[in-house]
Each structure stands twice: as structure tokens, then as C-alpha cells.
Amino acid sequence: MLKLLYPDSFVKTIFEIDIEELKARGIRGLILDLDNTIVPRNSAVATDELKEWLSRLEQQGMKACILSNNWKQRVSSIAAQVGLPLVARAAKPRRGAFAQAMKVLGTSKEETVVIGDQLFTDVLGGNLAGIHTILVVPMSNHEAPHTKILRKLERRIMKRRTTREAPNLR
Ligand SMILES: [Mg+2]
């Protein structure tokens with residue numbers, strides 16, 4: 001059961017992800033969480049660094065879709081700023097959310113990766129859907145109240161893993 005909460009790999013930020021390596025593995029589509037994965041939860045602005053990273057992705061012929069449980073106007077504004085399709089109010093870890101995102105991407109689960117900052121939504125959902133999962137360290141300490149509670153549990157779970165290559169999860 002615990003295995004379903006373990007990511008396949010972890011990095012500090014999305015910018016550390018080796019896009020060429022993903023491509024070499026046959027990955028064609030990325031499902032990106034929004035809050036604290038591509039922008040801090042308290043920010044409504046897509047940074048130039050993010051835009052550049054996304055354009056590198058595009059140059060490699062890869063697609064991306066934002067999959068967020070959030071539904072606020074800020075979420076669609078960020079998606080529009082970076083020009084990515086958005087599936088909002090996704091109710092991750094619900095499996096259907098990931099199926100919906102793959103439909104948008106036009107990819108199979110073998111050709112897709114899920115990238116997110118939460119074990120109980122992004123990682124669990126990705127694992128349930130049979131998709132490779134990459135965990136990132138949350139970009140900010142701004143969290144929804146229920147997320148704050150889950151963070152403590154996340155830290156405990158990640159501690160159980162071999163910690164040598166794990167980033168420090170706050
Ligand atoms: Mg998040």
C-alpha cells in the first residue's frame with residue numbers, strides 16, 4: 001500500500017528534470033501539477049524561467065498539460081500565460097483525472113510522466129493510473145489547510161525511503 005505513495009524519482013525543482021533523458025525513454029507528454037510545482041501557491045505569475053523550460057520541452061517535441069485540483073481564476077490565468085491546456089478541479093488522486101489529461105496530451109500511460117509536489121494527490125494518483133511519477137520539493141510554504149496536515153505524513157513516508165538521493169522535503 002505504501003508503495004503507491006512512493007514516487008519513481010525525485011528532484012528539487014522541475015528545472016532539474018532531464019528532458020532529453022525523458023525523451024530517450026519514449027516519454028512524449030508531461031502531466032504537470034500547478035500549485036507549488038510550476039508556480040508557488042501564492043503567485044499568479046508564470047516566470048520567464050518556467051516559460052523557457054516549457055519552450056525547451058516544446059523544442060523536443062513534447063507536450064504538457066496542467067492537471068490541478070484547484071479551480072480558482074488564478075489557475076486558468078497561469079495556464080493562459082504559458083499557453084498550456086488545463087484540466088482544473090481534477091480531484092486527484094482520482095484516476096479519471098489522469099485519463100483526462102492523457103486524452104488532452106494524446107499519449108498512452110507509457111508515454112507520460114506525472115510531475116507534482118504531493119504524495120497523496122500527484123504521486124498516488126499517478127501510481128494508480130500506472131504512470132511514471134516524479135516528485136518535486138514544494139516551491140513555497142503556502143498550502144491549503146488540509147495539505148498542511150498531509151505534509152507531516154508525507155515527511156514520514158519519504159523518510160522511510162532510502163534518503164541518500166532524496167531532497168529535503170520541508
Ligand atoms: Mg501541488
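Guide: Let us begin with α5, in which Leu119, Phe120, Thr121, Asp122, Val123, Leu124, Gly125, Gly126 and Asn127 are buried. Please bear in mind throughout that this is a predicted model.

Visitor: In what order do the strands of the open sheet lie?

Guide: The general idea is that strands of a sheet pair through backbone hydrogen bonds, either parallel or antiparallel. In this model, six strands form an open sheet with parallel pairing, in the order β1-β6-β5-β2-β3-β4. At the edges stand β1 (9–11) and β4 (86–87), each with a single partner strand, so one side of each has no neighbour in the sheet. The parallel pairing of β1 with β6 runs over three bridges, and Ser9 stands opposite Ile134 in β6.

Visitor: Which residues of the largest nonpolar core touch the most other members?

Guide: That core has 28 residues, and those touching the most other members are Leu30, Leu32, Leu50, Trp53 and Ile115. Two or more residues come from each of α1 (19–24), β2 (29–32), α2 (48–59), β3 (63–67), α3 (73–82), β5 (112–116) and β6 (132–136). Leaving aside residues up to four places away in sequence, Leu32 touches partners including Ile38, Trp53, Leu54, Leu84 and Ile115. There is also a second, separate core of 13 residues, with Ala90, Ala101, Leu105 and Ile131 among them.

Visitor: Which residues are the protein donors of the magnesium ion?

Guide: They are Asp33 (OD), Asp35 (O) and Asp117 (OD), at 2.1 to 2.2 Å from the ion. Their spacing in sequence is D-x1-D-x81-D. Asp35 belongs to the loop between β2 and α2, and Asp117 to the loop between β5 and α5, so this pair ties together parts that are 82 residues apart in sequence.

Visitor: Is Asp35 buried or exposed?

Guide: The cut-off matters here, because buried means under 20% relative accessible area. Asp35, at 11% relative accessibility, counts as buried. Asp117 is buried too, with a relative accessible area of 2%.

Conventions:
Residues are numbered from 1 along each chain as its sequence is written. This is a predicted model: local features need pLDDT of at least 70, side-chain atom pairs count only at pLDDT 80 or more; totals for chains, interfaces and linings use all residues. Side-chain values use heavy atoms; hydrogens and water are left out. A nonpolar core is a set of buried Ala, Val, Leu, Ile, Met, Phe, Trp, Tyr and Cys residues joined through side-chain atoms within 4.5 Å. Buried means under 20% relative accessible area, exposed over 50%, partly exposed in between (1.4 Å probe, protein chains only). Helices (H or I, at least four residues) and strands (E, at least two) are DSSP runs, numbered from the N terminus. Contact means heavy atoms within 4.5 Å. Two strands pair if DSSP finds at least two bridges between them. Donors are N, O and S atoms within 2.8 Å of the metal (3.2 Å for Na, K and Ca); water is not among the atoms, so sites may look incomplete.
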